[in-house]
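Please open the structure in the viewer and keep the selection panel at hand.

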Amino acid sequence: MSPADTEKTAEDWLEAELMDSFDEEVELEMEDAVLSMKIREIYRKAHGPSIPRPEYFRALLHLQAELIKLQDWVVASGEKVVVLFEGRDSAGKGGVIKRITQRLDPRVVRTVALPAPSSREMSQWYFQRYVPHLPAGGEIVLFDRSWYNRAGVERVMGFASDRQVEDFFRDVPEFERMLVRSGIKVVKYWFSITDEEQQMRFLIRIHDPLKQWKLSPMDLQSRIRWEDYTKAKEEMFERTNIPEAPWYIVPGNDKKRARLNCIDHLLTLFPYEEVPHEDAVLPDRVFNPNYERSTPPPELYVPSKY
């Protein structure tokens, strides 16, 4: 293949990738789906123009390509990485996690989103339910909420006693230092949005059947207790922002910028390099002239409705 053909093939790939990403983005977000015209109008007026769609996708694809290099480097070097995603309800943590994992190997990069603790887990050492999910060598684990539930929702909603909260603040810095000493890189992100932005996103969830599952009773309480959550967050930063595992705040009012900025920042935290790979060569198909393919019965096929 000539250099000109190679360049043309790369251009064709990029164009196809952009189109595929566009379709996938629309399917993933559905931001304007099933919304009342009034809410859509208010939302757009409140935000103004964001990053132009083509510019956003080109930047996202570039960053995702770098994430693949980071993934390969983590595997080759045996690094162990934990990334915690915390923040206000509806602040965009899930959207960033989706874009990080979208093109990565789920056997290397996995997301952990634990449900409410069972009665048995509530009797355990607080950090015990998180420990089994920590990475081995060559793995990256993304926690969609983490042990910092105790400093946030459990504290504000009264699920944890004052003594339990104080024990947590005493223990968590040393727990994270232990992780770092064991060779685990701990990265902590807090996604921040304004009071008005959260109100708007909750209204969208209420009026969008595709998003109503995201609106839990705890989310509704977070509106009532906005100031309590603010005070809890401020003390959490003060008492758990340690040099070994500092907090990084991601402004989240603009979802697209939050995604790009967070991924870009994550990449800067690692001295990763591109890992050499042997060129893949597609082998020739082996044909057996004596083999006859059997036809499965019709009932085994998924109906072609579309």
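The stops below begin with an overview and then turn to selected residues.

**The whole protein.** The model shown is predicted. Display it as a cartoon: eleven helices and five strands make up its secondary structure. Of the 306 residues in the protein, 39% are buried. Switching to a surface view shows an accessible area of about 18600 Å², and carbon and sulfur atoms account for 55% of that area. Among contacts between residues at least 6 apart in sequence, 80% join residues at least 24 apart.

**The largest nonpolar core.** Next, select Phe 85, Ile 100, Tyr 189 and Phe 270, the residues with the most contacts inside the largest nonpolar core, which has 36 residues. Colour the elements that give two or more residues to this core, including strand 1 (80–87), helix 4 (93–101) and helix 11 (255–268). Helix 3 provides the largest share, eight residues.

**Ile 100.** Which residues is Ile 100 in contact with, leaving aside neighbours within four places in sequence? Select Leu 67, Phe 85, Leu 142, Ile 263 and Leu 266 to see these partners of Ile 100.

**A second core.** Then select Phe 175, Val 186, Ile 242 and Ala 245, which belong to a separate core of 27 residues.

**Asn 149.** Finally, go to the loop between strand 3 and helix 6 (153–156), where Asn 149 is placed. Is Asn 149 buried or exposed? Asn 149 counts as buried because its relative accessibility is 18%, and the limit for buried is under 20%. Not counting residues up to four places away in sequence, Asn 149 touches Glu 86, Tyr 126, Tyr 130, Glu 154 and Arg 155.

Technical notes:
Residues numbered from 1 in each chain as written. Predicted model: local features only at pLDDT ≥ 70, side-chain atom pairs only at ≥ 80, totals over all residues. Heavy atoms only, no water. Core = buried A, V, L, I, M, F, W, Y, C linked by side-chain atoms within 4.5 Å. Buried < 20%, exposed > 50% of the residue type's maximum accessible area, 1.4 Å probe, protein only. Helix = DSSP H or I, 4+ residues; strand = E, 2+ residues; numbered from the N terminus. Contact = heavy atoms within 4.5 Å. Areas by Shrake-Rupley, 256 points an atom, 1.4 Å probe, with all protein chains shown as cover.
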